[in-house]
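Reader: I've got a model open on my screen and would like to know what the labels on it rest on. Can you walk me through them?

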Amino acid sequence: MKKKSHIVYMAAAISILLPATGRFAIGIIICVAMLFITFFGTIFNRIIRNLVSKDSAIFYQFVISILLCTIFNQLLTLFSPVLSIYMGFTIYLIAFSSMIIGFFASDNQKDFSDVLSHNIINTLKFCLLTLFFFFLRDYIGYSTFTLPSPFGFIEYKLPSFHQYYKSFFWGSIPCAIVLLALSLTLITFINRRFDIVRRKLY
């Protein structure tokens with residue numbers, strides 16, 4: 001991951017991940033939302049770029065991403081009103097961050113299937129970071145592993161040692177920032193290793 005790309009990912013990760021409730025179930029919802037927005041956003045983006053100029057397309061892309069977030073939020077409310085409340089305004093931050101990272105970037109010179117697969121792969125990489133980060137927050141903050149359900153969370157208690165040391169730090173934002181930095185460092189390291197292997201193969 002290049003330095004500029006790393007900075008962009010950091011900004012997007014902070015805006016999406018830090019405000020959200022630190023449960024793995026929420027991480028799953030965020031990943032599903034990002035894939036939903038990426039898939040349909042890429043489709044609408046290609047249509048928009050064929051109808052309007054490049055300058056005005058950015059505005060319409062943002063409007064479409066907000067609309068997709070609203071639709072997803074309504075679907076989430078139908079599935080679980082509790083999870084919709086937990087997500088709160090975080091669901092709409094995905095629209096802004098998706099624009100920054102380019103989850104549904106489009107190139108009219110390329111085949112649409114190539115553009116869609118490229119955007120989906122980029123989103124899946126970010127989902128890997130998201131799931132790892134929320135797993136750490138869930139375990140370190142609450143010693144649990146949670147999954148989404150129509151009634152909120154399905155919670156599984158996990159063995160821990162750190163919870164014996166009573167401290168608000170484990171569930172705090174400063175702890176979340178530390179975990180996010182560690183997650184980004186690990187994902188960046190793995191991505192660089194894959195790049196090295198890919199260059200050797202090709």
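Author: The rule asks for a side-chain nitrogen of Lys or Arg within 4 Å of a carboxyl oxygen of Asp or Glu. Bear in mind that this is a predicted model, where local features need pLDDT of at least 70, side-chain atom pairs count only at pLDDT 80 or more, and totals for chains, interfaces and linings use all residues. Residues are numbered from 1 along each chain as its sequence is written, and side-chain values use heavy atoms, with hydrogens and water left out.

Reader: What makes R23 and D138 a salt bridge?

Author: Their closest N and O atoms are 3.9 Å apart, and the limit is 4 Å, so the pair qualifies. R23 is in the loop between helix 1 (3-17) and helix 2, while D138 is in helix 6 (residues 112-142), so the bridge ties together parts that are 115 residues apart in sequence. Helices here are DSSP runs of H or I with at least four residues, strands are E runs of at least two, and both are numbered from the N terminus.

Reader: Which salt bridge does R23 make with E155, going by the distance from N to O?

Author: The side chains of R23 and E155 meet at 2.9 Å, N to O. That pair links distant parts of the chain too, as E155 is in strand 2 (residues 152-157), 132 residues from R23. Shared partners join R23, D138 and E155 into one network.

Reader: How do you know that the side chains of S84 and T77 make a polar contact?

Author: They come to 3.0 Å. A polar contact needs a pair of N or O atoms within 3.5 Å; within protein, one must be able to donate a hydrogen and the other to accept it, and residues adjacent in sequence count only if both atoms are side-chain atoms. The distance is inside that limit, so the label holds.

Reader: What makes F44 partly exposed?

Author: F44 has a relative accessible area of 35%, so F44 falls in the middle class. F44 lies in helix 2 (residues 24-49).

Key: Buried means under 20% relative accessible area, exposed over 50%, partly exposed in between (1.4 Å probe, protein chains only).
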